[in-house]
Amino acid sequence: MLFFSLIFLILLLGCPETAMAGSRYGVTLWLTQLIPTLLPFFISIGLLRACLPRVSSRRGFLLLGLLCGYPAGAALVSGQYSQGLLTERQAFFYLGFVNNPSPMFTLVFCGRSALELSPAEGFLLFGVTVLSAFLGSLLFSRIYFRHSRRKSKKLSHTAVCSPTRKSEKKHAVAASSTNTVASADTNASMDANTSMDAVVSIQGFALRLDAIIADSFAILLKIGGYVTIFSIIGQFVHALLPPESAAAVLCAGALEITCGVSYLPRAALSLTAKKILAAGLLAFGGLSAAAQTGSVILQSELSLVPYILNKALNSLLAGTLSFLLFRVL
């Protein structure tokens, strides 16, 4: 940590123009792309969890992450894991599966802008990303937890949460019966209290919405910081390596996926090689997206290292699948 801090400080002081360019790019990306995309998503997910807990607690709800991009899928998985709805193995599977680039990023920015692909080829590229994420996460979750010392089927906090839920249900049943008796005794005063209950309900919703918005902005601030840091590092990579080289594309994409994809049009590679390289970058997501994911799953106590290994496996599978598909097509 100290070594990285010193190197980063030396780069900032030694090459302020390059650092400023990278910082400007990262902040612009955060303001123009991430906040408009993620803020409404985080708020809507918070409201759904508060208003429709049964819907948001289902596994199919996690598939929304495939449509919203990094790190929205991680936020969904972290929420269900923190509630004890997922085991650790299930959490890592879904984390590697649903936490991917959005279809808009894959089809428009990468497919149309960077590679000039047809709509069919763009959807094929997105399909390769999703399929490799599913297969890679399924394979990794089995291998990792088979050889790991943590072989428990459920988390310890899940076992603790279960009796709590039972006690909560008992309290809920007791409260319900008490409220039933009370309502029978005070039936005459219910009409007079209806308007007051409505006011209290509106105030409670407003307070809950305020808390959801505050939590969403707290996550977005962390994401913005990570994007800025990795954008600065990516700018130094851009200054050191020729942008038309495959090494520049790989290094920039490994740091920040948007930078890596933006280098593809200038790369001295065939279109097939660019497609294969793009599939690998999309499946991995970059260390910046991994850091954003880490900021989202921090409170759930899920480890980031297995996630990065999982995404690396997904990248290898995506590159292999795209090689087979695009060489045939």
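## Reading a helical chain, one feature at a time

Modeller: In the protein chain, residues 24 or more positions apart account for 78% of the contacts with a separation of 6 or more, a contact being heavy atoms within 4.5 Å. This is a predicted model, where local features need pLDDT of at least 70, side-chain atom pairs count only at pLDDT 80 or more, and totals for chains, interfaces and linings use all residues. Residues are numbered from 1 along each chain as its sequence is written, and side-chain values use heavy atoms, leaving out hydrogens and water.

Biologist: How many helices and strands does the protein chain have?

Modeller: Helices (H or I, at least four residues) and strands (E, at least two) are DSSP runs, numbered from the N terminus. Here there are 15 helices and zero strands.

Biologist: Is Phe-3 buried or exposed?

Modeller: Buried means under 20% relative accessible area, exposed over 50%, and partly exposed in between, with a 1.4 Å probe and protein chains only. Phe-3, in helix H1 (residues 2-14), is exposed, at a relative accessible area of 65%.

Biologist: And which side chains make a polar contact with the side chain of Lys-311?

Modeller: A polar contact is a pair of N or O atoms within 3.5 Å; within protein, one must be able to donate a hydrogen and the other to accept it, and residues adjacent in sequence count only if both atoms are side-chain atoms. Lys-311 sits in helix H15 (residues 304-328). Its side chain pairs this way with the side chain of Asn-100 (2.9 Å) and with that of Tyr-70 (3.4 Å).
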